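Here is my note on this model, in numbered points. Please read it with the coordinates open.

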Amino acid sequence: MPKNFKNEQEKLLHSIRLMDFVIVEMNEYLDTHPDDTEAIDYLKHYVRMKNQAMREYASKYSPLSMATADASSCKEWSWATTPMPWEGGCN
């Protein structure tokens, strides 16, 4: 069933969460299958996708982590004043 999103920000955040889930699951799989090169490539692909999505989110809205703070288009330090998504920042 397709999820209905209120806006583009919510949709992008949902995508980041999905990619994060895949990355965690692949890490757990690779803990027991460290020689699976296909799985390693799959993990790297999702890590690249998530990093790109995090940079996009930071440039359009605000950084979700300090790692993407440099991608933010803000001219002032608003990390502490911008509501995080779990605080209603996507509304």
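1. Glu56 is partly exposed, at 27% relative accessibility. The cut-offs are under 20% relative accessible area for buried and over 50% for exposed, with partly exposed in between (1.4 Å probe, protein chains only). Lys60 is also partly exposed, at 46%. The two side chains form a salt bridge, 2.9 Å from N to O. A salt bridge here is a side-chain nitrogen of Lys or Arg within 4 Å of a carboxyl oxygen of Asp or Glu. Both residues sit in helix α2, 4 residues apart, about one turn of the helix.

2. A word on provenance. This is a predicted model: local features need pLDDT of at least 70, side-chain atom pairs count only at pLDDT 80 or more, and totals for chains, interfaces and linings use all residues. Residues are numbered from 1 along each chain as its sequence is written, and side-chain values use heavy atoms, with hydrogens and water left out.

3. The salt-bridge count comes to 2. Asp20 and Lys50 also pair through their side chains, at 3.0 Å from N to O. Asp20 belongs to helix α1 and Lys50 to helix α2, so this bridge ties together parts 30 residues apart in sequence. Is Lys50 buried or exposed? Lys50 counts as buried, with 17% relative accessibility. Asp20 is partly exposed, at 34%. Side chains of opposite charge can pair when their charged atoms come close.

4. At the start of α2, a side-chain oxygen of Asp36 comes to within 3.2 Å of the backbone nitrogen of Glu38.

5. Which residues of α2 are buried? They are Ala39, Leu43, Tyr46, Lys50, Ala53, Met54, Tyr57 and Ala58. These buried residues pack against α1 (8–32). Contact means heavy atoms within 4.5 Å.

6. Now the whole chain. It has 2 helices and 0 strands. Both element types are DSSP runs, numbered from the N terminus: helices are H or I of at least four residues, strands E of at least two. Of its 91 residues, 32% count as buried. Among contacts between residues at least 6 apart in sequence, 43% join residues at least 24 apart. The accessible surface is about 6,600 Å², and 54% of that belongs to carbon and sulfur atoms. Areas come from the Shrake-Rupley method with a 1.4 Å probe.

Note on methods: A polar contact is a pair of N or O atoms within 3.5 Å; within protein, one must be able to donate a hydrogen and the other to accept it, and residues adjacent in sequence count only if both atoms are side-chain atoms.
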